[in-house]
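Dear colleague,

Here is the structure for your files.

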Amino acid sequence: MAPPSKYTPDMCDTLISMMRTGASIGEVSTTLGIGRTTVYNWRKPDGKYYNPDFAEALEMGLTYSEAWWLRQGRENLCKRSFNYQLWFTNMCNRFGWSNRAKKRGDTVTYFVRDTPQDWRRNYRA
């Protein structure tokens, strides 16, 4: 028999509240007292531990977190003290951005965001 779930409905509120200020999944999982693996298990629709409420909250939270980081870049890019290289590296690592060029026809696009499909295809281990 599986142990009882650590999930409580207020976890969704905490998750969304933290991610509205740019928190990562690691920060959230630590605050909630659960492992990062548990977060991913509760998110996986075909998984044994899938939790639709938590999965929906996490999806919203990830959107809020990325929006927060985008705002930081937009509002601080012209400030001398802003480390845009660190910000860009963060965006690449956390949100799948890429600094490689994509060419479609005669158009070249730089600093494009990879889709999860691109990431799987281009960065297979």
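A crossing is called left-handed if the near helix is turned anticlockwise from the far one by less than a right angle, and right-handed if clockwise. Helices are DSSP runs (H or I, at least four residues), numbered from the N terminus. By that convention α4 and α5 make a left-handed crossing.

The model is predicted, so local features need pLDDT of at least 70 and side-chain atom pairs count only at pLDDT 80 or more, while totals for chains, interfaces and linings use all residues. Residues are numbered from 1 along each chain as its sequence is written, and side-chain values use heavy atoms, with hydrogens and water left out.

α4 and α5

Helix α5 covers residues 84-95, and its axis lies 11 Å from that of α4, at an angle of about 165 degrees. Axes are lines fitted to C-alpha atoms, for helices over the stretch in contact, with angles from 0 to 180 degrees between N-to-C directions. The pair is therefore roughly antiparallel (over 145 degrees; under 35 is roughly parallel, 65 to 115 roughly perpendicular, the rest oblique). On the α4 side the contact (heavy atoms within 4.5 Å) includes Leu62, Trp69 and Leu70, and on the α5 side Trp87, Met91 and Phe95. By class, this contact has 6 nonpolar, 4 polar and 2 charged residues. Here Ala, Val, Leu, Ile, Met, Phe, Trp, Tyr, Cys and Pro count as nonpolar, Asp, Glu, Lys and Arg as charged, and the others, Gly among them, as polar.

α3 and α4

Helix α3 (residues 36-43) packs on α4 (residues 52-76) at about 110 degrees, with the axes 8 Å apart. The two are therefore roughly perpendicular, and their crossing is left-handed. Val39, Trp42 and Arg43 of α3 meet Phe54, Ala55, Leu58, Glu59 and Leu62 of α4. That contact has 6 nonpolar, no polar and 2 charged residues.

α1 and α4

Helix α1 (residues 10-19) crosses α4 at roughly 10 degrees, and the axes come within 8 Å. This makes α1 roughly parallel to α4. From α1 the contact takes Cys12, Leu15, Ile16 and Met19, which meet residues of α4 including Phe54, Leu58 and Leu62. Its classes are 10 nonpolar, 2 polar and 1 charged.

Pocket

The second largest pocket has 11 lining residues, with Pro4, Ser5, Lys6, Trp42 and Tyr49 nearest its centre. A pocket is an open set of points on a 1 Å grid over the protein atoms alone, where a 1.4 Å probe fits, with protein on both sides within 12 Å along at least five of seven lines; lining residues have an atom within 4 Å of a point. The lining comprises 6 nonpolar, 4 polar and 1 charged residues.

Regards
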